[in-house]
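This report looks at one helix pair and a few individual residues. The sequence and structure are shown first.

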Amino acid sequence: MVDNLFEYLNTYSKFNHLKDFTKKVDFDNLEKEISNYQKVLNYCKKKIQTTTKGQNYTRRFPLDDIHHYSISWDIEKAKEIIVNNKIPVCDMKVNDLWGNVSKEHLDFDYINNTLTYDQSEPIIVVFYAPLNALIPIDGNHRLAKQYYRNKNGKISAYLLEPDEHTQAMCGEYYRVLYKINHNLQVINNYVLGNIKAYEYTNNYIPNKGAMLIYKFNIIKYKILSFIN
């Protein structure tokens, strides 16, 4: 299905998606902020990595009942980042991860009859900040195997933080989708009074309780749109 985040942005400034909540404060220059997101989306919409060395993982994320977007990760790139950054293996609770597994993409015949659980091969998990969620992007079948063996057990995993796993995404377009969705969540929390302050990433001054917002260099993305 085609991503429709751009369409979602057209109605975002009216905050219809927050109709069941009480808006407490205004976000300054919101229309300009949303306009910048739309410009960046247009400039980088062709910046998708179409070929990779191996497996990709694609996940669809709902924005509301109608709108959604998808993110794709290059698993081989994620593995390179793990090696280069010397990311350690950690034990994660199976139950904490199972709720964020895309069940419709699991091959249960393979899980039940072919897959042998190999504890020595850790799965790859990303911290997906817009949802405050841990999402497995590699090893979902191994995780399923372990869940049905012992859902209260643990599984070995590599955990990638946002500045790490965004670099493993299949092109700048997906990174932009991620950052925009992150920003929208921060704006939501700010106008609802859940957070007291926000700061832009390029001039961040530590502020207790403040949330970071990605700031896009429009000129950079305009130039990028002309580069093959």
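## Model

The structure is a predicted model.

## Packing of H1 and H8

Helix H1, residues 5-12, packs with helix H8, residues 172-191, at an angle of about 25 degrees, and their axes are 12 Å apart. Angles under 35 degrees count as roughly parallel, so H1 is roughly parallel to H8. The crossing of H1 past H8 is left-handed.

On the H1 side, Leu5, Tyr8, Leu9 and Tyr12 make the contact. On the H8 side, the residues are Leu177, Ile180, Leu184, Ile187 and Asn188. Of the residues in this contact, eight are nonpolar, one is polar and none is charged.

## Arg175

Helix H8 also holds Arg175. With a relative accessible area of 14%, Arg175 is buried, because the cut-off for buried is under 20%.

A polar atom of the Arg175 side chain lies 3.4 Å from the backbone oxygen of Met169. Apart from neighbours within four places in sequence, Arg175 contacts Thr166, Gln167 and Met169.

Most residues other than glycine have a negative phi. Phe15 has a positive phi, near 55 degrees, and Asn29 also has a positive phi, near 55 degrees. Phe15 is in the loop between H1 and helix H2 (30-44), and Asn29 is in the loop between H1 and H2.

Are these residues buried or exposed? Phe15 counts as buried, at 10% relative accessibility. Asn29 is exposed, with a relative accessible area of 60%.

Notes. Residues are numbered from 1 along each chain as its sequence is written. This is a predicted model: local features need pLDDT of at least 70, side-chain atom pairs count only at pLDDT 80 or more; totals for chains, interfaces and linings use all residues. Side-chain values use heavy atoms; hydrogens and water are left out. Axes are lines fitted to C-alpha atoms, for helices over the stretch in contact, and angles run from 0 to 180 degrees between N-to-C directions. Helices (H or I, at least four residues) and strands (E, at least two) are DSSP runs, numbered from the N terminus. Angles under 35 degrees count as roughly parallel, over 145 as roughly antiparallel, 65 to 115 as roughly perpendicular and the rest as oblique. A crossing is left-handed if the near helix is turned anticlockwise from the far one by less than a right angle, and right-handed if clockwise. Contact means heavy atoms within 4.5 Å. Ala, Val, Leu, Ile, Met, Phe, Trp, Tyr, Cys and Pro count as nonpolar, Asp, Glu, Lys and Arg as charged, and the others, Gly among them, as polar. Buried means under 20% relative accessible area, exposed over 50%, partly exposed in between (1.4 Å probe, protein chains only). A polar contact is a pair of N or O atoms within 3.5 Å; within protein, one must be able to donate a hydrogen and the other to accept it, and residues adjacent in sequence count only if both atoms are side-chain atoms.
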